[in-house]
Amino acid sequence: MDFSQNIDFISTFEQLTSKLFQMECKEMHDALGYKIVYSGKLLIKKINSRFTAFTSDLSFDQLAILHFLSRNERQEIIQQDIAIALDKTKSAILKTIDILEQKKYLKRVPAPEDRRKNVIELTPAGNKIIEGVHKLYMEEEEYITKGISKNDLEICMRVLDHIKTKCKN
């Protein structure tokens with residue numbers, strides 16, 4: 001790129017950034033991505049406040065691991081399975097598993113076929129927490145979706161699945 005192309009690029013960039021700064025906030029608030037992210041933050045905040053009333057010593061991410069384990073009890077789940085399912089790094093999952101093990105909500109058991117691996121299992125205390133949290137979550141789900149037709153919910157889920165797939169690519 002020669003000097004004149006650099007000047008053209010800088011000029012074009014300045015024009016675009018200037019237009020972005022002149023955009024009304026309303027335009028941004030009407031963007032699909034903004035609405036999804038903002039709604040997601042509000043939803044997590046609402047759910048966290050309900051969960052905190054039930055159990056104040058667990059975060060949303062910790063509950064997600066316990067929930068995943070509860071829905072896959074018939075399988076031998078290892079740390080990597082959790083990381084893949086929750087789209088988190090193995091190191092982040094390891095740290096969270098350590099915390100949950102200290103709180104006695106889960107335990108590590110050597111895998112029968114490979115003693116270098118640990119199967120992650122819920123303890124009775126972990127099962128009890130998940131049963132209560134699941135009930136609260138389903139109540140919130142019912143409250144949030146009340147007044148939305150079944151057809152609209154199905155369309156919304158398909159659109160969100162489409163967006164999720166596009167974001168992963």
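**Notes on the predicted model**

1. Let's start with a salt bridge: the side chains of Asp-114 and Arg-116 pair up at 3.0 Å, N to O. The term here means a side-chain nitrogen of Lys or Arg within 4 Å of a carboxyl oxygen of Asp or Glu. Asp-114 is buried, at 16% relative accessible area, whereas Arg-116 is exposed at 74%. For those words, buried is under 20% relative accessible area, exposed is over 50%, and partly exposed is in between (1.4 Å probe, protein chains only). Elsewhere, salt bridges with shared partners join Asp-98, Glu-101 and Arg-108 into one network.

2. A word on what we're looking at: this is a predicted model, where local features need pLDDT of at least 70 and side-chain atom pairs count only at pLDDT 80 or more, while totals for chains, interfaces and linings use all residues. Residues are numbered from 1 along each chain as its sequence is written, and side-chain values use heavy atoms, with hydrogens and water left out.

3. Now the overall layout. The protein has eight helices and two strands, and from the N terminus on the order is α-α-α-α-α-α-β-β-α-α. These elements are DSSP runs numbered from the N terminus (H or I, at least four residues, for helices; E, at least two, for strands). Of the 169 residues, 21% count as buried.

4. Arg-108 and Glu-101 form a salt bridge at 2.3 Å, N to O. Both ends are partly exposed: Arg-108 has 23% relative accessibility, and Glu-101 has 29%.

5. In total, the structure holds seven salt bridges. Another one of them joins the side chains of Asp-61 and Lys-88, at 3.7 Å from N to O. Asp-61 sits in helix 4 and Lys-88 in the loop between helix 5 and helix 6 (90-102), so this pair ties together parts that are 27 residues apart in sequence. Asp-61 is partly exposed at 39%, and Lys-88 is partly exposed at 38%.

6. How much space lies in the largest pocket? About 2,000 Å³. Of the 40 residues that line the largest pocket, Gly-40, Leu-43, Phe-60, Tyr-137 and Leu-160 are the closest to its centre. The elements giving two or more residues to that lining are helix 3, helix 4 (60-70), helix 5 (79-86), helix 7 (124-145) and helix 8. For the set-up, a pocket is an open set of points on a 1 Å grid over the protein atoms alone, where a 1.4 Å probe fits and protein lies on both sides within 12 Å along at least five of seven lines; lining residues have an atom within 4 Å of a point. The volume is the space filled by probe spheres set on the points, which are joined across faces, edges and corners.

7. What is the lining made of? The lining of the largest pocket splits into 24 nonpolar, five polar and 11 charged residues.

8. On the surface, Leu-32, Ile-36, Met-157 and Leu-160 form a nonpolar patch with about 340 Å² of accessible area together. Leu-160 turns up here as well as among the residues closest to the pocket centre. Helix 3 (32-54) and helix 8 (150-168) each supply at least two of the patch residues. Leu-32, in helix 3, is exposed at 52% relative accessible area. Such a patch takes residues with over 30% relative accessible area and no salt bridge, joining nonpolar side chains (Val, Leu, Ile, Met, Phe, Trp, Tyr) within 5 Å and like charges within 9 Å. The areas are Shrake-Rupley values with a 1.4 Å probe, and for residues only the protein chains shown count as cover.

9. Two backbone spots to check by eye: Asp-87 and Lys-104. Asp-87 has a positive phi of about 55° without being a glycine; Asp-87 is in the loop between helix 5 and helix 6 and is exposed at 62%. Lys-104, also not a glycine, has a positive phi of about 65°; Lys-104 lies in the loop between helix 6 and strand 1 and is exposed at 60%.

10. Last, a loop residue. Is Ala-111 buried or exposed? Ala-111 is buried, with a relative accessible area of 1%, and is found in the loop between strand 1 (106-110) and strand 2 (118-122). Ala-111 and Ile-78 are 33 residues apart in sequence, with 8.6 Å between their C-alpha atoms.

Definitions and conventions. Ala, Val, Leu, Ile, Met, Phe, Trp, Tyr, Cys and Pro count as nonpolar, Asp, Glu, Lys and Arg as charged, and the others, Gly among them, as polar.
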